[in-house]
Amino acid sequence: MTAENIIGKRIPSIDAQEKVTGRAVFGSDLVFPGMLYGSILRSRLAHARIVHIDIARAQRVPGVIDILTGADCPTERFGTFIFDESLLAREKVRFAGEEVALVVAIDRETAMEAVGLIEVKYEELLIVLNPEQAMLPGASLLHENHAQNIAYEVHLERGDVDAAFKSSYRIYEHEFATSMVHQSYLETTGAVADADSNGRITIWAGIQNPVGARWAYAQALGVTPDRIRIIQPYMGGGFGGKLEPKLPALCALAAFKLRRPVKIVQSRSEEFMAGSPRVPIKYRLKTGVSKEGRILAKEAYLIGDNGAYTRWASAILSTAAYRVDALYEIPNIRTTGYLVYTNKAPTSAFRGFGNGQTHFALESQIDMIAHDIGIDPAEIRTLNATRPGHTNVHGWFFRTAGLKECIQKATESSGWKEKLGQGRGKKGIGIGCCVHVSSNRAYKKEFDGAAAMVRLDESGIIEVYSGEADIGQGARTIFAQVAAEELGFPFEKVRIHAVDTSSVQFAWGTFGSRATYVGGNAVKKAAEDLRRKVLDYAGEKLNIDKSELNLRGSFIITKDGKQWGLAEIGFNYMCDHAGSYLTGFGHFIPDSAYPDENRYGNVSGAYPFGAHVAEVEVDTATGEIRVTNMVGVHDIGRTINPLLAEGQVEGGMAQGLGWALLENMVYDEQGRLKNPQFLDYQIPTMMDVPDSQVSFVETNEPSGPYGAKALGEPAIIPITPAIANAIYDAVGVRITDLPITPEKILRALKEKKGDKAKREEL
Amino acid sequence: MKSFSYLEPAALQEALELLKNNKGKIKVLAGGTDFLVQYKEGRYNPDMVMSLRGFSALQGITIGLAEIRVGAMTTIAQVEQSEVITRYLPALGLAAGMIGSVQVRNRATIGGNLCNAAPSADTAPILIAYGAKATIVGQTGARVIALENFFKGPGQTALLPDELLTEVTIPIPPGNSATSYLKKSRRQTMDIATVGVAVHVWVSPEINRIDNARIVLGAVGPYPFRARQAEGLLLHNLPGSELFKQAAQRAGEEARPINDVRASAWYRREVVQVLTEWALDDVFMERLGIKLRN
């Protein structure tokens, strides 16, 4: 530790002032000389063969520069794991909202007008909207090379499941379903792209993985990744939905063809129709327990709705299949999962990455089990909780695990014991827990980890170069804190270089709750390297043994108290090295393992845990639900910035509340989205979200930067089942499919009353 | 999105002439909170858009001997905050405050809310309950109709293509009356009604017999309408919880809801019953201070 001690301080976001004063430049703010605007013709049909596209009338609109169709795209398809997508539809459209043509014009209005004049002749095909029906023999196929519409599958077996069920005291079997929900970030997806006369493409866009995205974009455009440079402006949120989004590549396709800057910004309804919403998953979950409530065996069957194309959903289904098994110490597990194509928007990553879906199922069922065998729902969780030092059935090793402490803190601060089961008929309290990863080795075969550079310039300013993107969550602030701490340097003098793929090193980007753990570790190592280099150079110049030098508050301090400013050191070094800055390099590789063919292997270097308690009030006349209190406790190893960490949890809980109670993308029978706007797709306002109490359990993860683990995704996961469980505590009805609407509650209450009346009659 | 000509007449007469000379081609713009969204979504492609913001004659709330007049261009925020409304028509002020967001209420107008004719419009049920009348002006002069006859279907009103709604007139309710508007929506604020119920009742002094009753249902039919059978059950009876239950049940039966993304028809009927009963409890017990019989 140095004198600065900036770790653990409540430091406002490094970019807060830029943002609140409206000066921060987002992608949609960018305007370039000679810039053209694109507007997309989207399919009205959910499944059809394209017979003919007539662009003649649209071309005649004054101001239209070009109209691109599938014929302008490479014949090879692109994707992240499964290559099934094309920038513009070729031969077939597979969901209503799919990109069919791109009009480029001198302004947006002209482009939109021309879009309306394109005539497409389609031959309609049978549509499949339900994944279970899509798997049946004879169902209409979306992709001819995927029989039964199965895009991906998971099969896992550990221990002796059948024997464990045989020896179980009780076995529970339930079905659960999660809904299709949208990330609903404030800034819709957009991009500006340009191409120079040598065919080098530059994209300015809010992308969660700006460096990594070049691989998929290169494939989509039929060029090599070196031809693509991505510059990330400020970003208005992503929550998983802006992992290599398709739109910037489509924008680049036009810029590449026309050699002019082109801008496309999606409307909110386009965002809903063709974004990458959460993968809805249906579960059949069978769990066997001992008399004491110890979980002996778990068998799960999952069907995930992939939508029309595979973005990250295969990795999401894999995550959904087995990450939850790290929450409790379960020795016997069998899991089967299918990811199935349907004629709907391609689904993909949304905060939690499949883990949230499965937690809703398991954390609901654990509650049902606790009530049935008469154990406090908090206690059954503590009894089964993963302990530090444990290696689970999938080979995951938990160096630190503060789940028990999270449960204890969350229940104590919410008055759990006094409230549980006391407000029947109206008020209720419920708990949900979670485990997650801090980066995931399984996502990328090549490597996991991160790299960074930290440099000292001639003015004594420290600049951090990392390709791990700040998408609004605060990575820049965390990186600046880490660099400042390591160098004993004032926070205000640390700058974070904006992500520009031509100057930062390779980085997978922001997903899998990676930024602080792997990105922060890399910045720490780079800062350590710079510190060493500064001391080496200063020792050499001052002719003092470097062990007698200290680096603190922008100064080198000698043992006898002489000070030498970093600005001067930076300047001198630069002059001595013909312009070269003192630069520290660092990288971090977690001690995780790429899973083997049976998915065995420790996928992450550190596992964060959490517990949320929700309190609700249910109106039994209307079924209305009000969440009246939320308590969130997370084991994040060490809190680098409590202000930012609390914000993550508050935001996660609000988003999870929306998922639990309000949000749902609904399709009609023709596969058209019925609610592609915020009027009909409702996210919670501040009036729907109660005050919350957030706190942390610090387990000091040895592999984390200053002991830190991940938080971004865990923040949303436990609250959704906690709310479902609180509703059960309040009125004794259990809703197993999201969202939990007043209508479902009222129906269940009436059925329950009817059942009771029937029983009394008998 | 198609371009249109924008018209901003300086006086009512000019606006009416423009309407007459361009019959059916003009979309009238009040606050724009509904129109602009629908235009951007491509639901309207008018040749001409005529704003009524150019003249102030249609704005403001005035009180007469027996009635209150609200100009069609009066904003929802003005209705919500008006002292006259708060004093004489409190349930209208509360209903106005349930519309959209602060920003929307600052722009949206009462005339716009009515002419947009959404089945869920929050000011419509309560105005009908208060017995409001609509003043409609055309080239040939003005006509006045009961607001309950103003709505013809979703987005459809009694206005002819060359007419404008200029004013809403609401009789000042007698002292022995009370009103209530209850709304249920999916979230607490910034949402349109899943169900809205307005109730207005008069009682005989001292004996508390129900002399008149209006129950108006919103968002459960093609337009807001009166549950006349439920009203009939109340009439000439003494207020009592059993009576209210019966009336509420009848109102539920009279509702003509549809299934949509907000709720099913079944749920809407259930909520009509609940809100009708609550609104009756509210007007008699809370507002008139009458103790109910069983």
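How many salt bridges does the rule count over all chains? The count comes to 62, a salt bridge being a side-chain nitrogen of Lys or Arg within 4 Å of a carboxyl oxygen of Asp or Glu. This is a predicted model, in which local features need pLDDT of at least 70 and side-chain atom pairs count only at pLDDT 80 or more, while totals for chains, interfaces and linings use all residues. Residues are numbered from 1 along each chain as its sequence is written, chains are lettered from A and ligands numbered from 1 in the order in which they are written, and side-chain values use heavy atoms, with hydrogens and water left out.

**View 1. Where chain B meets chain A.** Welcome to the interface, where 24 residues of chain A and 20 residues of chain B are in contact (heavy atoms within 4.5 Å). About 2,100 Å² is buried between the two chains, and carbon and sulfur atoms give 58% of that area; buried area is the accessible area (1.4 Å probe) that two parts lose on being put together, summed over both. The rule finds 3 salt bridges across this interface, as well as 12 residue pairs in polar contact, both residues being at pLDDT 80 or more. A polar contact is a pair of N or O atoms within 3.5 Å; within protein, one must be able to donate a hydrogen and the other to accept it, and residues adjacent in sequence count only if both atoms are side-chain atoms. On the chain B side, helix H11 (residues 265-287) gives the most, with 5 residues. Helices (H or I, at least four residues) and strands (E, at least two) are DSSP runs, numbered from the N terminus. By class, that side has 9 nonpolar, 4 polar and 7 charged residues; Ala, Val, Leu, Ile, Met, Phe, Trp, Tyr, Cys and Pro count as nonpolar, Asp, Glu, Lys and Arg as charged, and the others, Gly among them, as polar.

View 2. Look for A:Thr622 in the loop between strand S24 (609-618) and strand S25 (625-635) of chain A. Is A:Thr622 buried or exposed? A:Thr622 is buried, as its relative accessible area is 0% (buried means under 20%, exposed over 50%, partly exposed in between, with a 1.4 Å probe and protein chains only). Leaving aside neighbours within four places in sequence, the residues in contact with A:Thr622 include A:Pro742, A:Leu746, B:Tyr267 and B:Trp278. The side chains of A:Thr622 and A:Glu624 are joined by a polar contact of 3.2 Å. A:Glu624 also forms a salt bridge with B:Lys184, with the closest N and O atoms 2.8 Å apart.

View 3. B:Glu270 counts as buried at 15% relative accessibility, whereas A:Lys750 is partly exposed at 41%.

**View 4. A salt bridge between distant parts of chain A.** A:Asp66 and A:Lys257 meet through their side chains in a salt bridge of 2.8 Å, N to O. A:Asp66 sits in strand S3 (residues 64-69) and A:Lys257 in helix H7 (residues 246-258), 191 residues apart. A:Asp66 is buried at 14% relative accessibility, and A:Lys257 is partly exposed at 41%.

**View 5. Around A:Leu661 in the nonpolar core.** In soluble globular proteins, nonpolar side chains tend to be buried together. The largest nonpolar core here has 128 residues, and A:Leu661 is one of those that touch the most other members, along with A:Tyr328, A:Val616, A:Ile723, A:Ile727, A:Ile740 and A:Ile745. A nonpolar core is a set of buried Ala, Val, Leu, Ile, Met, Phe, Trp, Tyr and Cys residues joined through side-chain atoms within 4.5 Å. Not counting residues up to four places away in sequence, A:Leu661 touches residues including A:Ile625, A:Val627 and A:Pro739.

**View 6. Backbone details to look for.** Most residues other than glycine have a negative phi, and most peptide bonds are trans. A:Leu738 and A:Pro739 are joined by a cis peptide bond, with omega about -5°. A:Ser554, in the loop between strand S20 (549-552) and strand S21 (555-558) of chain A, has a positive phi of about 75°. B:Ala117 has a positive phi of about 50° and is buried at 1% relative accessibility.
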